[in-house]
Amino acid sequence: MATTPSNKMRPKPPLPPNLPSLVATAFSRSVATKTVNFYPTSVTLLTINSIPFQLRYSPSLASKPKPPSVTTPKLFFNPFASPTPEMLITPFGTSPPSHNLVLNKFAVVPEHFILSTSAFKPQTHLLEADDLAAAYACIDAYARHNKELFVFFNSGDHSGASQPHRHLQLLPVENMKEGLEGEWDVLAKGLTDPNTREKLPFEVFARDIDGLGGDGEELRRVYLELYNQACEAVLGVAEDIKHEGEAQISYNLAMTNNTMAVVPRLTEGGVVKDKDGQEVGNLALNGTVLAGTALVRSEMEWNALREDPDQVYQVLGRIGVPNRAKM
């Protein structure tokens with residue numbers, strides 16, 4: 001029987017067919033044994049320049065350590081070097097496995113998990129084709145169960161990265177929507193629309209990846225196109241942009257089943273003030289910003305931003321290259 005083009009293009013990863021239930025079981029077990037540091041989060045919906053934006057208060061982030069720099073791996077404990085049985089969901093890739101799927105110890109939503117390289121590779125280096133193919137294979141494995149995954153990657157000192165060992169993070173979208181009152185969807189899914197991009201105060205570059213079928217080389221080609229645009233936005237030149245080794249800028253990447261997006265980063269965030277103008281914290285943004293999500297660690301930050309959502313927009317305007325559509 002002839003294979004249809006769509007079947008040819010579907011990835012055939014060495015992943016368990018029941019990946020969503022495997023992740024859910026591992027997460028529930030690790031929460032029960034307190035291996036994963038998870039507390040139920042408070043969440044509300046803000047409207048940021050007509051974009052539904054999720055503000056999430058996650059107390060578990062308050063205890064999350066951060067290294068002096070993501071470029072100094074020897075100064076920081078590496079949980080991905082040899083994952084414990086409690087944290088390991090499954091190895092992934094041909095023998096020997098190229099990647100591991102592990103639970104995120106500081107989960108921001110239930111079943112928050114991680115795709116890490118088996119051998120140490122720097123978080124600040126450019127992603128490789130097998131990293132992107134592995135991430136898309138996870139997205140596809142969830143799609144086969146009518147579920148969505150949001151994948152993000154933080155690279156560089158201004159990106160919100162906190163671990164030097166290369167890893168991408170994966171969030172089940174249905175769990176991101178729990179507790180929300182009102183309509184919200186992953187921002188990245190709409191970023192190929194220029195009308196959506198122009199509402200943001202920072203430059204973001206996006207491409208449709210629907211139809212690539214999870215092919216790692218094709219995904220990397222798109223990734224490098226977006227990375228080139230991000231570098232040009234920050235550095236002002238298109239020449240001498242390297243496609244191997246250390247990235248030349250800080251950036252976040254996001255992937256959904258149909259979209260890849262890259263946002264260049266200049267700062268990690270900005271201060272948060274209460275109604276009296278007193279500083280109560282700092283809003284630090286990572287790749288979840290491309291989901292339309294901001295995470296806060298303290299109740300004072302949570303209260304201040306709910307009372308004055310314009311502060312979120314102001315911080316968004318500082319984290320990256322100013323949007324040319326706004327100039």
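Q: What do the buried residues of α2 pack against?
A: They pack against β3 (88-92), β4 (99-103), β5 (113-117) and α3. Buried means under 20% relative accessible area; exposed is over 50%, and partly exposed is in between (1.4 Å probe, protein chains only). Helices (H or I, at least four residues) and strands (E, at least two) are DSSP runs, numbered from the N terminus.

Q: What kind of model is it, and how are residues numbered?
A: This is a predicted model, where local features need pLDDT of at least 70, side-chain atom pairs count only at pLDDT 80 or more, and totals for chains, interfaces and linings use all residues. Residues are numbered from 1 along each chain as its sequence is written, and side-chain values use heavy atoms, with hydrogens and water left out.

Q: Back to α2. Which of its residues are buried?
A: Leu19, Pro20, Val23, Ala26, Phe27 and Ser30. They cover an arc of only 135° around the axis, so they sit on the same side of α2. The arc is that of the directions from the helix axis to the C-beta atoms.

Q: Why do residues three or four places apart point the same way?
A: An α-helix has 3.6 residues a turn, so residues with that spacing point the same way.

Q: What span should α2 have?
A: Its 14 residues (19-32) should span 20 Å at 1.5 Å a residue. The end C-alpha atoms are 20 Å apart, which agrees. The expected span is 1.5 Å times one less than the number of residues.

Q: What comes just after α2?
A: Lys34, with a positive phi of about 60°.

Q: At what angle do α2 and α3 pack?
A: About 100°, with their axes 8 Å apart. Axes are lines fitted to C-alpha atoms, for helices over the stretch in contact, and angles run from 0 to 180 degrees between N-to-C directions. α2 and α3 are therefore roughly perpendicular to each other. The cut-offs: under 35 degrees is roughly parallel, over 145 roughly antiparallel, 65 to 115 roughly perpendicular, and the rest oblique.

Q: Which residues meet there?
A: Leu19, Pro20 and Val23 in α2 meet Cys138, Ala141 and Tyr142 in α3. By class, that contact has six nonpolar, no polar and no charged residues. Contact means heavy atoms within 4.5 Å. Ala, Val, Leu, Ile, Met, Phe, Trp, Tyr, Cys and Pro count as nonpolar, Asp, Glu, Lys and Arg as charged, and the others, Gly among them, as polar.

Q: And how do α3 and α6 pack?
A: α3 (residues 129-143) and α6 (residues 216-235) pack at about 105°, with axes 8 Å apart. They are therefore roughly perpendicular to each other. Ala129, Leu132, Ala133 and Tyr136 in α3 meet Gly216, Glu217, Leu219, Arg220 and Tyr223 in α6. This contact has six nonpolar, one polar and two charged residues.

Q: What covers the buried residues of α6?
A: The cover includes α3, β8 (205-208), β9 (250-255) and β10 (259-265). Among the buried residues of α6 are Gly216, Leu219, Tyr223 and Cys231. As for length, its 20 residues should span 28 Å, and the end C-alpha atoms are 27 Å apart, which agrees.

Q: New topic. Where is Asn146, and is it buried or exposed?
A: Asn146 is in the loop between α3 and β6 (149-155). It is exposed, with a relative accessible area of 77%. Its phi is near 60°, a positive value in a residue other than glycine.

Q: What about phi of Asn49?
A: It is near 50°, also positive in a residue other than glycine. Asn49 lies in the loop between β1 (42-48) and β2 (51-57). At 34% relative accessibility, Asn49 counts as partly exposed.

Q: Where is Val296, and what is it in contact with?
A: Val296 is in strand β13 (residues 293-296). It is buried, at 0% relative accessible area. Leaving aside neighbours within four places in sequence, its contacts include Leu55, Tyr57, Leu283 and Trp302.

Q: Last one. How many helices and strands does the protein chain have?
A: Eight helices and 13 strands. Buried residues make up 52% of its 327 residues. Among contacts between residues at least 6 apart in sequence, 69% join residues at least 24 apart.
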